[in-house]
Amino acid sequence: MIVDKFPDRVIEINQEHYLYFGGTAYLGLPTNAAFQNLVVQNILKWGTTYGSSRTANIQLSAYDAGESFLASHIGSESTVTVSSGMLAGKLVLEKLKKQTDCFFHLNEIHSAIQIENGLPIFINKELNERLLDSKIEKITILTDGVPSFQTKPVDLSFLKAISNQKEITLVIDESHSLGIISENGSGIYASIEFPIKRKILVSSLGKAFGLTGGVIASDFEFIKEIKEIETFTSAAGMNPAFAQTLSDAKEIYKIQHQKLKDNLSYIDSILIQNNNVKFDKNYPLIYLLSNELVEKLKSEKIIIASFKYTKDAEPLNRIVITVNHLKEDLDKLVNVLNDFNSRF
């Protein structure tokens, strides 16, 4: 299905209008007039792009503004922005390869933080024995902030069971939790207090924050090391107009985050949940476990997100709730879900 303008709450396909519950614009920012105005003003100031290295002799204050905001918002010592969330993940892995004896991954993680020869944390629902042995080694654990097909933040309680002979670095991809979860959408990074050596956040900024780019957050020393990697120094940075907008839009983010919470609370008050849907009032995704329900929604002129992360995987069917959905949109959606669920 091809559309001719930004797919917001309503899209047009073959001259027919459908409600749209897809994409990743959780805070509704790509079409928000106040947010757009900030972007336009910053483009007029900083230009449409800036192709120089971040380590060049001329430095732009836009990056300081955006990265200072992100560090404060996330609750980290330091951050650095890059051109995409994918690059953020790959830069972190490039650095950690030289500092890690063994990588472990939790669940099916996003490709931005996948690494060759990584080991699963759980085998047959039991903690990998290598995490329990007495061998002294440096390990890195890779996880998404909210795993695929889930609506709650990742459970990291297993960290307490890992042998104290392991020096743990935790890398968490918060592309679908930063801007959404916790107070004002600060994500889960700051709340992680398990006994680990270092924690690192990577995230796209093109989801909730509405701007093309990525961020790495961690302690001062690690961010300094990232800035010294050749891959970073030889690449252009995030669009400086977008970096400046991150800081300028901080009050808009608060307002939009509250509106999203209001929409989710309303759904929670009217949705009848059963085994066909997976929903949590603190998260803007509803996963559908019935392909029949996907077709039912389409017949009611409702299009949801459906795609495959890998060629051979089953389709991922999810309803995406955004700030821009009106009460009547939510009523129509939930009425279809409730009617379908009442038959089971």
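This is a predicted model: local features need pLDDT of at least 70, side-chain atom pairs count only at pLDDT 80 or more; totals for chains, interfaces and linings use all residues.

Visitor: Okay, salt bridges. How many are there in the whole structure?
Guide: A search of the whole structure turns up 12. In general, side chains of opposite charge can pair when their charged atoms come close.

Visitor: Pick one. What does Glu16 pair with?
Guide: Glu16 makes a salt bridge with Lys301, and the closest N and O atoms are 3.0 Å apart. Glu16 is in strand E2, while Lys301 is in the loop between helix H8 and strand E14, so the pair ties together parts that are 285 residues apart in sequence.

Visitor: Which side chain meets Lys152?
Guide: That's Asp280, in a salt bridge of 2.5 Å from N to O. This pair also links distant parts of the chain, 128 residues apart: Lys152 belongs to the loop between strands E8 and E9, and Asp280 to the loop between E12 and E13.

Visitor: Which residues are linked in a network?
Guide: Arg130, Asp133, Glu137 and Lys166 are linked by salt bridges into a network.

Visitor: What else does E13 pair with?
Guide: Strand E15, residues 316–320, is joined to E13 by three bridges, and they run antiparallel. Tyr287 has Arg318 in E15 as its bridge partner.

Visitor: Which way do the side chains of E13 point?
Guide: Leu285 and Tyr287 point one way, and Ile286 and Leu288 point the other way. In a regular strand, side chains alternate between the two faces of the sheet.

Visitor: Are those four buried or exposed?
Guide: Leu285, Ile286, Tyr287 and Leu288 are all buried.

Visitor: Now helices. At what angle do H7 and H9 cross?
Guide: Roughly 35°, and the axes of H7 (residues 250–270) and H9 (residues 327–341) come within 10 Å. The crossing of H7 and H9 is right-handed.

Visitor: Which residues meet there?
Guide: From H7 you have Asn263, Tyr266, Ile267 and Ile270, and from H9 there are Lys327, Leu330, Asp331, Val334 and Asn338. The residues of this contact split into five nonpolar, two polar and two charged.

Visitor: What do Lys327 and Asp331 form?
Guide: A salt bridge, with the closest N and O atoms 3.4 Å apart. Lys327 and Asp331 are four residues apart in helix H9, so about one helical turn separates them.

Visitor: Last one: how accessible are Lys327 and Asp331?
Guide: Lys327 counts as partly exposed at 49% relative accessibility, and Asp331 counts as partly exposed at 21%.

Terms used. Residues are numbered from 1 along each chain as its sequence is written. Side-chain values use heavy atoms; hydrogens and water are left out. Axes are lines fitted to C-alpha atoms, for helices over the stretch in contact, and angles run from 0 to 180 degrees between N-to-C directions. Helices (H or I, at least four residues) and strands (E, at least two) are DSSP runs, numbered from the N terminus. A crossing is left-handed if the near helix is turned anticlockwise from the far one by less than a right angle, and right-handed if clockwise. Contact means heavy atoms within 4.5 Å. Ala, Val, Leu, Ile, Met, Phe, Trp, Tyr, Cys and Pro count as nonpolar, Asp, Glu, Lys and Arg as charged, and the others, Gly among them, as polar. Buried means under 20% relative accessible area, exposed over 50%, partly exposed in between (1.4 Å probe, protein chains only). Two strands pair if DSSP finds at least two bridges between them. A salt bridge is a side-chain nitrogen of Lys or Arg within 4 Å of a carboxyl oxygen of Asp or Glu.
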